[in-house]
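I will jot down what I look up, one place at a time.

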Amino acid sequence: MATIIKNIGLLATPVGIVAQKGEGQGNIELVTNTYVVIKDGFIEEVGRSGTSRDWTGTGQDEIIDAQGLLVTPGLVDAHTHLLFSGWRQQELAFKLQGLSYLDILAKGGGILHTVEQTRKAAIDELVNQGVKSLDTMLAHGTTTCEVKSGYGLTAEDELKSLRAIRQLGQVHAVDVVPTFMGAHAVPVEYKGCSADYVRLVCEEMIPKVAREQLAEFCDVFCETGVFTVAESEQILECGKHHGLLPKIHAEEITALGGAELAGKVQAISAEHLIHATDNGLAAMAASEVIAVLLPGTSFYLGEPFARAKDMVDRGIAVAVASDFNPGSCPNESLQIPMNIACLKYRLTPEQVLTAVTLNGAAAVNRSRVTGSIEPGKQGDMVIWNAPDLNFLFYHWGVNQVKTVVKQGRQVIG
Ligand SMILES: [Zn+2]
């Protein structure tokens with residue numbers, strides 16, 4: 001059975017199966033008054049401009065009327081920590097009183113609170129909460145989403161988290177891409193002996209994760225006071241040895257050298273990069289590392305914004321993601337990060353659209369199957385309550401999704 005999206009006022013999509021960089025970042029194909037045909041979940045045909053026609057009377061095909069509105073690829077959120085138990089709304093008051101992250105940590109709050117609650121939670125509870133978050137994401141236009149472990153921090157709890165992430169992918173319409181992030185923090189029981197924890201990650205966790213095929217990527221929080229550049233390298237090389245592609249949280253709070261390391265280990269992506277140096281960016285450009293930028297986190301923490309334009313100018317492919325997590329960015333929607341990327345990074349709507357579709361897909365190794373509206377790719381699309389791209393990026397703070405189509409099926413709207 002085919003699904004036909006008819007009466008598309010404007011179809012806007014990046015083109016290709018690899019990340020777009022430099023000038024390519026802003027190259028968006030625009031087709032007016034057109035249609036798309038999806039068969040068995042995959043795009044079969046994209047009409048040319050001016051070819052919109054009346055599809056009534058085509059038998060059993062499902063017809064979706066876009067009512068002359070804007071259609072883009074489904075959004076790909078390349079960086080989330082959505083699998084957890086332990087929201088932290090109590091910390092808002094602490095933050096308003098001026099307490100620092102370390103003060104909150106000393107009160108037993110911060111990531112430690114979420115780790116404690118996640119360890120206590122049964123796998124079903126984690127899955128149920130994850131489903132709610134995925135429902136919210138889908139309702140806001142996200143059709144593919146990466147999910148990291150990293151709130152278990154024991155072999156048993158990291159495996160539990162990754163098994164929950166696998167279940168999420170099986171039960172939910174959103175495609176879920178799993179990342180192992182046992183090196184998200186040094187757990188309290190290893191305080192002062194992080195080398196022992198790194199050994200646990202490398203000798204026990206990574207081999208078990210690989211054996212059960214629970215993750216595609218290995219990520220590490222390379223940061224002052226968390227994991228050093230040398231420790232991060234050890235973990236990422238160990239992950240590579242076991243078939244996990246490297247990702248790295250780099251230069252979020254301090255310029256430690258994570259971006260250089262991303263280039264050295266040929267990471268698929270480096271994330272945050274708020275304090276990335278020229279040398280770090282040069283190393284990333286040389287190794288074609290994708291920059292996954294998280295503007296919602298800069299906004300929520302009152303931190304500076306990454307030098308996104310500089311990265312585009314240097315030929316680094318830029319993706320934008322939500323960083324949804326219970327501490328520094330408790331928001332599942334990619335739409336607000338899209339607005340902020342436009343207003344604060346000063347990227348154009350076209351550049352940001354590429355960042356949240358094709359480049360996001362490339363950052364999670366999915367750019368051959370999603371991230372653009374082209375024959376052969378999955379039928380993942382959003383119909384927006386907007387006539388054009390400018391409207392989508394100018395109108396902000398409300399959900400502009402009209403309809404979400406996932407693999408040819410209307411799942412929202
Ligand atoms: Zn993160």
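**Entry 1**

I start with Asn-7, which counts as partly exposed because its relative accessibility is 31%. One reminder to myself before going on: this is a predicted model. Asn-7 sits in strand S1, which covers residues 2-13. I looked up its backbone too: the phi of Asn-7 is positive, about 60 degrees, although Asn-7 is not a glycine.

Where is Asn-365 placed? I found Asn-365 in the loop between helix H14 (358-363) and strand S14 (381-384). Asn-365 also has a positive phi, near 60 degrees, and is a residue other than glycine. With a relative accessibility of 47%, Asn-365 counts as partly exposed.

**Entry 1: a threonine in that loop**

I stayed in the loop between H14 and S14 and turned to Thr-370. Is Thr-370 buried or exposed? Its relative accessible area is 3%, so I note Thr-370 as buried; the cut-off for buried is under 20%. Leaving out residues up to four places away in sequence, I list what Thr-370 touches: Val-76, Thr-144, Leu-358, Ala-361, Lys-377, Gln-378 and Asp-380.

**Entry 2: helix H3 and its cover**

Next I looked at helix H3, residues 111-120. Which of its residues are buried? I wrote down Ile-111, Thr-114, Val-115 and Thr-118. Looking down the axis of H3, I see these buried residues fall within an arc of 100 degrees, so they line one face of the helix.

What covers the buried residues of H3? The cover includes helix H2 (101-106), helix H4 (123-139) and helix H5 (155-171).

I also checked a pair that links two of these helices by name. Glu-156 lies in helix H5. Glu-156 is exposed, since its relative accessible area is 64%; the cut-off for exposed is over 50%. Along the chain, Glu-156 and Val-115 are 41 residues apart, and I read 13 Å between their C-alpha atoms.

Before looking at pairs of helices, I remind myself how they are described: by the angle between their axes and the distance between the axes.

I took H4 and H5 to begin with. They pack at an angle of about 45 degrees, and their axes are 9 Å apart. H4 and H5 are therefore oblique to each other. Their crossing is right-handed. On the H4 side, I noted Ile-123, Leu-126, Val-127, Gly-130, Val-131 and Leu-134. These meet Lys-160, Arg-163, Ala-164, Gln-167, Leu-168 and Val-171 in H5.

Then I turned to H5 and helix H6, the latter spanning residues 194-211. How do their axes cross? I read an angle of roughly 25 degrees, with the axes coming within 10 Å. H5 and H6 are roughly parallel to each other, because angles under 35 degrees count that way. The crossing of H5 and H6 is right-handed. In this contact, H5 contributes Ala-155, Glu-158, Leu-159 and Leu-162, while H6 contributes Glu-204, Met-205, Lys-208 and Val-209.

**Entry 3: cysteines**

How many disulfides does the structure hold? I counted 0. For Cys-222, the nearest cysteine sulfur belongs to Cys-218, 13 Å away, and Cys-222 is in no disulfide. Cys-222 counts as buried, because its relative accessibility is 1%.

**Entry 4: a glycine to finish**

My last stop is Gly-315, in the loop between helix H11 (308-313) and strand S13 (318-320). Gly-315 counts as partly exposed, because its relative accessibility is 24%. What does Gly-315 touch, not counting residues up to four places away in sequence? I found Lys-21 and Gly-22. I also looked up Gly-24, which is 291 residues from Gly-315 along the chain; the C-alpha atoms of the two are separated by 9.2 Å.

Definitions and conventions
Residues numbered from 1 in each chain as written. Predicted model: local features only at pLDDT ≥ 70, side-chain atom pairs only at ≥ 80, totals over all residues. Heavy atoms only, no water. Buried < 20%, exposed > 50% of the residue type's maximum accessible area, 1.4 Å probe, protein only. Helix = DSSP H or I, 4+ residues; strand = E, 2+ residues; numbered from the N terminus. Arc of directions from axis to C-beta. Contact = heavy atoms within 4.5 Å. Disulfide = S-S within 2.5 Å. Axes fitted to C-alpha atoms, helices over the stretch in contact; angles between N-to-C directions. Parallel < 35°, antiparallel > 145°, perpendicular 65-115°, else oblique. Left-handed = near helix turned anticlockwise from the far one by under 90°.
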